[in-house]
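Please open the structure in your viewer and keep the selection tool at hand. The tour moves from a whole chain to its parts and then to a second chain.

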Amino acid sequence: MNIHEYQAKQIFAKYGVPTPKGIMAESVEQAVTNAKELGGPIWVVKAQIHAGGRGLGGGVKLAKSIDEVRTLSEEILGMTLVTHQTGPEGKLVQKLYIEDGADIKDELYLGVVLDRAREMPVIMASTEGGMAIEDVAHDTPEKIIKVAVDPAIGFQGFHGRELVFGLGITDKVEQGKFIKLAAALYKLYLENDAEMIEINPLIKTGEGDFIALDGKMGFDDSALGRHPDIEAMRDISEEDADEREASEYGLSYVSLDGEIGCMVNGAGLAMGTMDTINYMGGTPANFLDVGGSANAQTVAKGFEIILKNPNVKAIFVNIFGGIVRCDRIANGILEATKLVDVHVPVIVRLDGTNAPEAAEILKKANIANVIAATDLADGAAKAVAAAKQAK
Amino acid sequence: MSILVNKDTKVIVQGFTGKEGSFHAEQCLAYGTKIVGGVTPNKGGTEHLGQPVFNTVKEAVSSTGATVSMIFVPPAFVADAVMEAADAGIELAVIITEGAPVRDMQAAKAYATKHNMKTIGPNCPGIITAEECKIGIMPGMIFKKGNIGLISKSGTLTYEGANQVVKEGFGISTAVGIGGDPIIGLSYKQLLAMFEEDSETQAIVMIGEIGGDLEIQAAAFIKENIKKPVVAFIAGQTAPKGKRMGHAGAIVSGGAGTAAEKMAALEEAGVKVVVSPADIGKAVAEVLAK
């Protein structure tokens, strides 16, 4: 789960990570009131969406008067912001963050993520702040300092020294400030089951203070149960409505831009099904894992969500029945076609326990747009052909 | 032979009397797995599925001599259960539960490693040595005995792969579902080494997916150490960046962990890489015909 910048900064404040003063606004009037309260003389008007690259997309702007705060707020609030992380469709800006302007001398990068290879959190720092860290990692990997910190020993002095010497921070007072900040960030990461924390840019002011100018945080969904305060920060308007609806029914859904709807049990097979469709010259419209149960209700819900996408020309149901028997799934599919109006061809491949019985059930039902397939390759080929025919 | 488990392996179940634990333990018993007991706190001294129930793993181990534990406890209690198993001297913990917090698994795995306990999972179908011992939730009947070792991050792709291998006239020695979480126990590397040593295994199928770099590490390891033919499929060639595809670990972040880079590394290591899981069986027949 991701949160907004203004929420991340509330958490930073709890851990003593310095940030500029700012107040969230949901209307232009509120933005102006907030700006007056902050006092100026410079303000930053920032779009609050769950994606990076907001500045480049025109979602972060500097205001030098209250009038400018008003004009910029009118411009940004309600705009559809497109960044390299939102996809071409962009994201609607529904909240603003009005913040004090800061005196920027240097821009750095500081973040904490899980290092999957070393199986522990790694603190990443760079002198190349203000740029996409992916680009820095790609073009100048030597400019990223990585310090893995084993939670069994926690953040030690040497971790801090590796960071400041790696960054070339020579002033002793500045070293102390930076190390304190990095230690606080690590503590925040562990205590809140974060998945990713990123401060980009972390600025150094003319006085040699480090301030988090931005803040991005993501949390481990599996651990939200023990962090009700974090869970309360969820902004469902930032999430894909179909993905959210699917998850309420225990389905895992991701929409894609192709034509063949997929309904599969298991995440790996679901991806493999998309890959096979692509390999055979078709395009998958979605990823959908119906999980282990795959009964009439979940299948019906799956059909409903897939068919919301107007691009879908055929649906490929690919189930490998293990503990759940195929004959029961076949009945579930037939029942689901009664619950939902399925107006495109449905290619059904059922393999595993009781597969022959399932094939018999589908054959007997004799529904015009339900086509049985013998295996994965056969099913994908039939789905691709059906989608082409529908054009 | 086979790897890790066989017909003599003694298994206990943590979370024995719960709904999932009961159902799958019963299926495993029916398959022939030597489940010799289970652990559910406060139910010690009772009997379940004809086997004794204990309050602690220590008691279970000392009275049954079990070396493997199959773990079905709810996500929030997984780390506790894994560490208890390690502390009690269990040699292999098979963690089926999905949704354990990453931080918990980090600590649990570090502790298990310190106690020389191997782990499989979490969020996995388990391990099966065909026609001998099933420790997990896979449909046993599709795993006909044979000479192909199988390692997979995905449950249903394990079944798909095994099914195709069998349809081609071959069979499975041992199949291991290693799980789709960001931090998992035994990985390709260790299992590849075990299959290389196993006289019963002639070829290895490895099924990976986007996210992380375990498959890349495996490729480097295969190049140096594995003589037996390997067939690989990597799921998620068509997955968009930055989106989590069902499994907690299946995500391309910052452009790293793509299917393309994993496939290229494996091919470079001499692995027969297939583009669709539908080709796994045929590829196995091909590499064995050589």
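What follows is a list of stops, each with something to select and a description of what is there.

Before selecting anything, note that this is a predicted model, in which local features need pLDDT of at least 70 and side-chain atom pairs count only at pLDDT 80 or more, while totals for chains, interfaces and linings use all residues. Residues are numbered from 1 along each chain as its sequence is written, and chains are lettered from A and ligands numbered from 1 in the order in which they are written.

**Chain A as a whole**

Select chain A, whose C-alpha atoms fill a box of roughly 80 × 50 × 40 Å along the principal axes. Chain A holds 13 helices and 19 strands, where helices (H or I, at least four residues) and strands (E, at least two) are DSSP runs numbered from the N terminus. Of its 391 residues, 47% count as buried, a word used if 20 or more other C-beta atoms, placed from the backbone, lie within 10 Å of a residue's own.

**An open sheet**

Next, select four strands of chain A, which form an open antiparallel sheet in the order β2-β7-β3-β4; two strands pair if DSSP finds at least two bridges between them. Because β2 (22-25) and β4 (60-63) of chain A stand at the edges with a single partner strand each, one side of each is left without a neighbour in the sheet. Neighbouring strands here are turned by 20° against each other on average, direction ignored, with axes being lines fitted to C-alpha atoms, for helices over the stretch in contact, and angles running from 0 to 180 degrees between N-to-C directions.

Zoom in on β2(A) and β7 (residues 96-100) of chain A, which pair in the antiparallel sense over four bridges, and find Met24(A) opposite Tyr97(A).

**A covered helix**

Select α9(A), in which eleven of 13 residues are buried, among them Leu269(A), Met271(A) and Ile277(A). After α9(A) comes Gly281(A), whose phi is positive, near 95°.

**Chain B against chain A**

Finally, show chain B, of which 50 residues are in contact with 44 residues of chain A; contact asks that two C-beta atoms, placed from the backbone, lie within 7 Å. On the side of chain B that touches chain A, α4 (102-114), α5 (155-167) and β12 (203-209) of chain B each supply at least two residues.

Notes
Buried ≥ 20, exposed ≤ 12 C-beta atoms within 10 Å, placed from the backbone.
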